[in-house]
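Subject: Structure for you to look at

Hello,

Here is the structure I said I would pass on. Please open it first and then read the notes below it.

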Amino acid sequence: MTRLFVPAAALAALLAGGAARGQPLPETPPADASLAPCVAALRQRLPEFPEVSAATFERHTRAAQDLRPVIEAATAAQPEFQIPIWDYLMRRVDAERVADGRALLAAQSAALQAIQQRHGVDPATVVAVFGIETDYGRVSGRYPVVSATLSRACLRLDSAERRRNFFAALWLLQEGHVQPDTFLGSWAGAFGQTQFMPATFKAYMDGAVEGARTVDIVGNTADALATTARYLSALGWRRGLAWGVEVRLPDAALERFNAQESAHRCLEPNQPMGSCRTLAQWSADGVKRADGGPLLGEGGTPGWEPGLRTALLMPAGSAGPAWLVTPNYQAIWRYNRADAYGLAIGLLADALRGQPGPRTPWPTDDPILSRREVRELQALLQSRGHCEVQPDGRDGPRTAAAIRAEELRLELPATGRAGTRILARLRADTGTAAAAPACDAAAAATAAPPAAPTPAPR
């Protein structure tokens, strides 16, 4: 097919006119030439997505960026699978996130009550998703969603799911649910305050005001919370059912039922029993709540009936805490398909309700620091002459390098880990701080470019 090359302004007018008259549209090569063959292949798929106009396709692919190298690197470094689960949970279910979540519960109280009535998902769970996904909107992604979904589709052109997300991203722009300048997200294309893939958002979008023509999960928190609740409901959420409860096992033989990741799919409807068991079975074997209370009967967890199917979750094996989890945990897990993520949502929701964290300790003698403690550690590092470190609560590569330097000086193993051990040693090591040269604030701020953000868990 002949390619037409015209100035951008003339091309926009031509596309609009051709779309209105139903005339053939010019094929526009993407700005990144490496994407051209893939864009041409996807252009041939347009008839499968009649809701997306050819004009929309051409307009939004011509400026696309090739993010395939970013996606391949980030896929291999997702934090849910790369760091110990206790570190992941400590950083995400900390005092700051709990305090911020409680403030949001109060600020969005009316909207959350209406959302619960409509979809059956309690406010604490919906807010916990918001907190874990983007830290309540603070970290929502920086990649153009069209470029991300296009690049993912180009990595696997045979993937129907990836094609759906790419064409859904185009449709969202076309229909005005998102705006080009703010349609940014993770490397995988998840966007908005609670990180939806475009096709999922297209299928489950729900506004705080029922019947609204557009739903804005980028700029409208109530819309993001409503859409999240609707999606969790579609994933199998049951009204009034707890996601899980920490338990104690009386017999190590029961550990054979440990069902991690996809093994707890037995919690979904119409699945074989597999590793799942009823509460009556667990109770008959002597399993109790971690606080010593019974699973069933007086003092048990509200809503838990003898026939309820549950799964045992021991992400650190016998050395760490254990939970019995319900179909509501499975609904949370399906949002992002990682036990670290599912437990973070459940435990943050519990904390927002004022419930305690795990009673059984995790198997580590050097727990990772909270964000508040990381800021203290970074200030101590800066006071020892590591002027490239900024006390921002994010332990990136510059902080890790400074920690390793201090560990070597203190004759400790050089791990670069922001844990309690190095913090305690630097707190006690006051003499070195006094002898270190002072950092100039302006120079320290510009000593090196900002550290790259942790890849979004998508």
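In these notes, two residues touch, or are in contact, when they have heavy atoms within 4.5 Å of each other. This is a predicted model, in which local features need pLDDT of at least 70 and side-chain atom pairs count only at pLDDT 80 or more, while totals for chains, interfaces and linings use all residues. Residues are numbered from 1 along each chain as its sequence is written, and side-chain values use heavy atoms, with hydrogens and water left out.

Not counting residues up to four places away in sequence, W171 touches E51, V52, H177, K202 and M205. W171 is in helix α11 (residues 160-175); helices (H or I, at least four residues) and strands (E, at least two) are DSSP runs, numbered from the N terminus. Is W171 buried or exposed? Buried means under 20% relative accessible area, exposed over 50%, and partly exposed in between, with a 1.4 Å probe and protein chains only. W171 has a relative accessible area of 16%, so W171 is buried. The C-alpha atoms of W171 and F57 are 9.0 Å apart, although 114 residues separate the two in sequence.

S53 is in the loop between α2 (36-43) and α3 (54-61). Its relative accessible area is 27%, so S53 is partly exposed. Leaving out residues up to four places away in sequence, S53 touches L46 and Q174. S53 and Q174 are 121 residues apart along the chain, with 8.2 Å between their C-alpha atoms. The side chain of S53 also makes a polar contact with the side chain of T56, at 2.9 Å. A polar contact is a pair of N or O atoms within 3.5 Å; within protein, one must be able to donate a hydrogen and the other to accept it, and residues adjacent in sequence count only if both atoms are side-chain atoms.

Now the whole protein. It has 21 helices and seven strands, and 49% of its 458 residues are buried. Of the contacts with a separation of 6 or more, 71% are between residues 24 or more positions apart.

A nonpolar core is a set of buried Ala, Val, Leu, Ile, Met, Phe, Trp, Tyr and Cys residues joined through side-chain atoms within 4.5 Å. The largest one has 81 residues, and L150, F167 and F183 touch the most other members. Helix α16 (residues 339-352) gives the largest share of this core, 10 residues. Apart from it lies another core of 15 residues, including V287 and W304.

The structure holds 17 aromatic pairs. Rings of Phe, Tyr and Trp (its six-membered ring) pair if their centres lie within 6.5 Å; planes under 30 degrees apart count as stacked, over 60 as edge-to-face and the rest as tilted. F166 and F167 form an edge-to-face pair, 5.0 Å centre to centre with 65° between the planes. F196 and Y335 have ring centres 5.7 Å apart and planes at 70°, so this pair is edge-to-face. F196 is in the loop between β2 (184-185) and α12 (198-204), and Y335 is in helix α15 (residues 327-336), 139 residues apart. Both F196 and Y335 are buried. They belong to a cluster linked by ring pairs, among whose members are F183, F191 and Y341.

Regards
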